Amino acid sequence: MYQLNKVDKKFPGVHALKAVDFKIGRGEIVGLVGENGAGKSTLMKVIYGAYQPDGGTITIDGKPVRFQNPRQAMDHGIGMVFQEQSLITNLTVMENIFLGFEKQFVRFGVINWAAMAEAARHQLRKVKLAIDPATVTSKLSFAQRQLVELAKVLTLEERIEGDLVILLDEPTSVLAKEEVELLFSLVRELTSRASFIFVSHRMDEVLELSDRIYVMKDGEVVDVVTHDEANIDAIQHKMVGRDVDKQYYREQKQRPYDQSRSLVRFDRVSLAGKYSEISFDLHPGEVLCLVGTEGSGREAILRTIFGLEKPSTGRVEVKGKPFDRANAQEAVARGVGYVPRERKVEGIVNGMNVYENMTLSQMGNYASNGVLRIAEEKALAEDWIKRLSIKTPDVYKDCGGLSGGNQQKVVLAKWRSGGSDIFLLDHPTRGLDIGAKEDVYDMIREMCDDGAGIVLVADTLEEAIGLSHTILVLKDGEFQKRFDGSPGDKPSLYDLVHHMI
Amino acid sequence: MSLEKLKPYFPWITLAALVLVVGAINPSFLNPASLVQLVADIVPLFIMALGMTFAIYIGGIDLSMQQVANLVTVVATVYLVQYGIFVSLLCIGAGFAIGAISGWITTRQFVPSFVATLAMGFIALSGARFLSGERALSMNAEARDASFGWMFGNTAGVPHELVIAGILLAIAWFLQTRTTFGRALKAVGAGELAAVASGLKVDKIKILAFALSGTFAAIAGLMFSVKLSGGDANLANGFLILAIVAVLVGGTPLTGGVGGVINTLVGTLIVVVIRSAMVYLDVDATMQQMIFGVILIVAIAMTIDRSKMRIVK
């Protein structure tokens, strides 16, 4: 009934969707898998009307449709349950459920709250959530919020005649095992009325729930498999275009680290509201990976080491010296380099060229009495462009115009050329294509060989396992378990997930 | 050549087109001697616009400049006899301090720069009123000529005011393009978060940028005061909007990070040409502010980088 035919979408420098064919039948649950950057989110956005395709057609029951915005898509029965929760936390549950659709409860310009509460209770019953609709959303657990999101989308049932298509974007990422089960049984029940598109990184869940699975890679649908034919290994193979093996994460290049010295030491460090009682040592040549869900305290620990957050209690040492009155300047001076997750906003300065970006953290090394030695800056940039094979026409190119992988190389070159030996990598491969990811993995191994210590927050669990010497699992800001990740003796996905949620 | 590539040259094209149009309407406009005089007359405005460039380049704005200049005209007039040429240090110091305080309020108290500088402007205005006793003061002519007579005059047909403007422009340009400070300004304007994540002392850089705009406002006020041989709490009124227009039409957007002091030179010339065109076309003096108001809005709307401004309040 709902169908995409040869849908194309281009962004400057990226061909995000290449002639994608996609269809979903009445009451069907369709899985959508692919690596980060494969085009899943773009496809979802086209489906729920946030993006308009550049080519191809969308049809519902054979009739072509074109959505200018998500509201129009909703009017055709297409709803989205967002991964990054779209609920406004200071509103009540019922206000959230009917946000933008309050008109039905308005009498003489005033909202009839009792009627809205009754209607909201009806929606909440659909998702088997027994809470007072007047509860303020911030008081709910993540699992409850996820169900409220679903209830919100299910208001389409009453509003729209005909079939519904509901998109679920990573709905299970913050849920515990039993909650996932509950969600799945709910989804199965609701197929009497709606079809579902299910996007998840957790392959086993996709396999369990979906009738058919679309596999995406580099903006294309590379395979469609039915539930009965599905096989995790085969799908993963298709997703990355090769076997996901040790080669991919450069495990053969992983060498033991130097246990005798400590670059960063955390001794029972706490930061109010973010994490508590965290202790670890980072050694030269070590990749230490912090694993946990969003909000588990991973990022806050990175920001503490970079001096952007001040711990409330505990002792932080960087290279054997206390790091008490620390700020970012002090961190940089001690050799800490930070590769932030928001590459385009925090990593590079969009609007400055390659050499300006590379020396930004170390201008003092390229200046005499505050006057820049620009020729030396350019020479440095040319050197690192060669060393890391950065694809740029010249050193004058605005970094905002480089591809994601090359931007990331510029950020890494900035810190490496400045002599940093403690690297904080926050999702360093997010949104990169596979070739660029492998370049980053190579660089991580290279930096370790040079005696640098790396604190990593990885993009996927596979990446975390593949790259790290040591894994610390965090949950709600508390330390859960430490895993050793020597080659050949790496923990499994299940081991980690078990402690994460 | 695409429109996007042409964009940096818009100010130059605008300037050339305006000069040609005004020249066609009134050929005497193009007389070199009168052109030089025209440009020399707006040197105080240009200096103020130069200072404004630093504030806008980092994505802020300095609305106190006109009042700082007002205050300085009074300070210069009152203390000239007492301190002679060293009154200039007093004036520049005052401008630097007021700017630095605005910067401190913005960075450390998280008050947006337009409010912080607006408030500091009123404080400066009060100071000027108090010091002048709300009267228009005139300078001691003898002391003026002895200390600052060199500012006005000609050497080989070049007005000294233009030389001063040229030197200040060269200094500002050097600061912007050749120093770590200038590079840091650009980084803060183009991507403040990335500047923080690179370990730059962003607060200090911003405070210095506002201190510089205050300093330039003070220099502009001093020149103005000497030129008109007096001081008054309202002497520089009307300059603020022209300085902002000059920076923006020159191609430094309110969002910061691109443009710079050379753009401001072009922008100031555009403002001058428009102003003289209005004189030639007999536009009523009361209308001129309105026209610059409209130009200001158009210039902001055309130059602003919307990708940096998701929410406008």
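Which residue of β11(A) does V30(A) stand opposite? V30(A) faces R212(A) in that strand. The structure is a predicted model, in which local features need pLDDT of at least 70, side-chain atom pairs count only at pLDDT 80 or more, and totals for chains, interfaces and linings use all residues. Residues are numbered from 1 along each chain as its sequence is written, while chains are lettered from A and ligands numbered from 1 in the order in which they are written.

Chain A contains 18 helices and 24 strands; both are DSSP runs numbered from the N terminus, helices being H or I with at least four residues and strands E with at least two. Its C-alpha atoms fill a box of roughly 70 × 50 × 50 Å along the principal axes. Of the 501 residues, 47% count as buried (20 or more other C-beta atoms within 10 Å of the residue's own, with C-beta atoms placed from the backbone). Among contacts in chain A with a separation of 6 or more, 69% join residues 24 or more positions apart; a contact requires C-beta atoms, placed from the backbone, to lie within 7 Å.

The domain assignment, which is automatic or from a database, divides chain A into domain 1 (2–240) and domain 2 (251–353 + 404–500).

An open sheet of 6 strands in chain A has the order β6-β9-β10-β3-β11-β12, with mixed pairing. Two strands pair if DSSP finds at least two bridges between them. The edge strands, β6 (78–81) and β12 (220–226) of chain A, each pair on one side only. Within this sheet, strand β3 (residues 29–34) of chain A has 6 of its 6 residues buried. I29(A), G31(A) and V33(A) lie on one side of β3(A), and V30(A), L32(A) and G34(A) on the other. In a regular strand the side chains alternate between the two faces of the sheet. β3(A) runs parallel to strand β10 (residues 194–199) of chain A, with 4 bridges, and G31(A) stands opposite F198(A). Pairing with strand β11 (residues 212–217) of chain A is also parallel, over 5 bridges. Strand β9 (residues 164–169) of chain A is joined to β10(A) by 6 bridges in the parallel sense, with L167(A) opposite I197(A).

Strand β15 (residues 287–291) of chain A is largely enclosed by the rest of the structure, because 5 of its 5 residues are buried. V287(A), C289(A) and V291(A) point one way from β15(A), and L288(A) and L290(A) the other way. β15(A) runs parallel to strand β22 (residues 453–457) of chain A, joined by 3 bridges, and to strand β23 (residues 470–475) of chain A, over 4 bridges. C289(A) stands opposite L456(A) in β22(A) and opposite I471(A) in β23(A).

The contact between the chains takes 22 residues from chain A and 19 residues from chain B. On the side of chain A that touches chain B, α11(A) gives the most, with 4 residues.

Definitions and conventions: Buried ≥ 20, exposed ≤ 12 C-beta atoms within 10 Å, placed from the backbone. Contact = placed C-beta atoms within 7 Å.
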